[in-house]
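Please open the structure in your viewer and keep the selection panel at hand. The stops below proceed from the strands to the side chains.

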Amino acid sequence: MARLVLLSEGFAGRTYELKVDKTTVGRVSDNTFEIPESSVSSHHAEILLRGSDVVIRDLDSTNGTFINGEKISEATLKPGQILRLGTVEMRLETADGAGTASELASSGTVGAAAKPRQTLDQTRIIPQGVKLDELQGTGGPPQLGSTTGFEKKSNRGGKIFLIFVILAFLVLIGALGWVLFLK
């Protein structure tokens with residue numbers, strides 16, 4: 001029986017058995033195979049079992065469907081090939097692990113007929129994203145200057161307001177005294 005083994009970080013080791021003729025794959029829960037990842041469209045693709053063939057059909061997804069790095073709208077996925085939906089990668093495996101050497105050779109896996117398939121001790125994790133030092137090229141966290149935005153602010157406005165209030169109070173007292181003195 002064919003199954004998809006997820007390889008991307010956060011999903012590594014998760015598998016999905018292809019048991020029915022039509023499997024819908026997408027981010028929302030009404031899909032047969034739900035992949036809750038933002039790069040996967042709500043209804044991303046269909047996986048169709050046609051005899052011994054596994055056919056992948058893109059459902060006009062935003063980030064595309066790829067087999068071994070090539071964008072497809074509909075194509076046959078062979079054992080050992082990598083299917084990518086958005087940024088989530090998975091590999092098709094059959095009941096014997098990945099298929100026969102002739103299946104691997106016809107799928108485009110380089111050198112598969114010449115040497116036996118190597119099994120990995122564990123599922124390979126494909127990292128996602130970019131590290132901060134790769135973005136800035138400095139090799140470390142950003143160096144903050146002498147200002148961080150959290151310095152004590154000047155109290156100049158408060159002083160001006162206080163002087164204005166005192167002057168207004170003195171003028172008011174003077175005016176009140178003048179009115180009372182004239183009576």
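Helices (H or I, at least four residues) and strands (E, at least two) are DSSP runs, numbered from the N terminus. The model is a predicted one, in which local features need pLDDT of at least 70 and side-chain atom pairs count only at pLDDT 80 or more, while totals for chains, interfaces and linings use all residues. Residues are numbered from 1 along each chain as its sequence is written, and side-chain values use heavy atoms, with hydrogens and water left out.

**The open sheet**

Select the six strands that form an open sheet in the order β2-β1-β11-β10-β7-β8, with antiparallel pairing; two strands pair if DSSP finds at least two bridges between them. At the edges are β2 and β8 (70-72), each of which pairs on one side only. On average, neighbouring strands of this sheet are turned by 30 degrees against each other, direction ignored; the axes behind this angle are lines fitted to C-alpha atoms.

Next, select residues 3-6, which are strand β1, together with residues 15-17, which are strand β2: their antiparallel pairing runs over three bridges. Leu4 has Tyr16 in β2 as its bridge partner. On to strand β11 (residues 88-93), which pairs with β1 in the antiparallel sense over four bridges. Further along, strand β7 (residues 65-67) and strand β10 (residues 82-85) are joined in the antiparallel sense by three bridges, and Thr65 has Leu85 in β10 as its bridge partner.

Which residue in β11 stands opposite Arg3? Glu93 does. These two residues also form a salt bridge, with the closest N and O atoms 2.9 Å apart; the term denotes a side-chain nitrogen of Lys or Arg within 4 Å of a carboxyl oxygen of Asp or Glu. Because Glu93 lies in strand β11 and Arg3 in strand β1, the pair ties together parts that are 90 residues apart in sequence. Glu93 is buried at a relative accessible area of 7%, whereas Arg3 is partly exposed at 29% (buried means under 20% relative accessible area, exposed over 50%, partly exposed in between, with a 1.4 Å probe and protein chains only).

**A salt-bridge network**

The structure holds six salt bridges. Select Lys22, Glu46, Arg50, Arg57 and Glu74, which are linked in a network of such bridges. Within this group, the side chains of Arg57 and Glu74 meet at 3.0 Å, N to O. Arg57 in strand β6 and Glu74 in strand β9 (residues 74-77) are 17 residues apart. Arg57 is partly exposed at 27% relative accessibility, and Glu74 is partly exposed at 40%.

**An aromatic pair**

Now display Tyr16 and Phe33, both of which are buried. Their ring centres are 4.4 Å apart and their planes stand at 10 degrees, so the pair is stacked (rings of Phe, Tyr and Trp, its six-membered ring, pair if their centres lie within 6.5 Å; planes under 30 degrees apart count as stacked, over 60 as edge-to-face and the rest as tilted).

**Two loop residues**

Finally, select Asp60 in the loop between β6 (53-58) and β7. The phi of Asp60 is near 55 degrees, a positive value in a residue other than glycine, and Asp60 counts as exposed at 75% relative accessibility. Asn68, in the loop between β7 and β8, also has a positive phi, near 50 degrees.

Note on methods
Axes fitted to C-alpha atoms, helices over the stretch in contact; angles between N-to-C directions.
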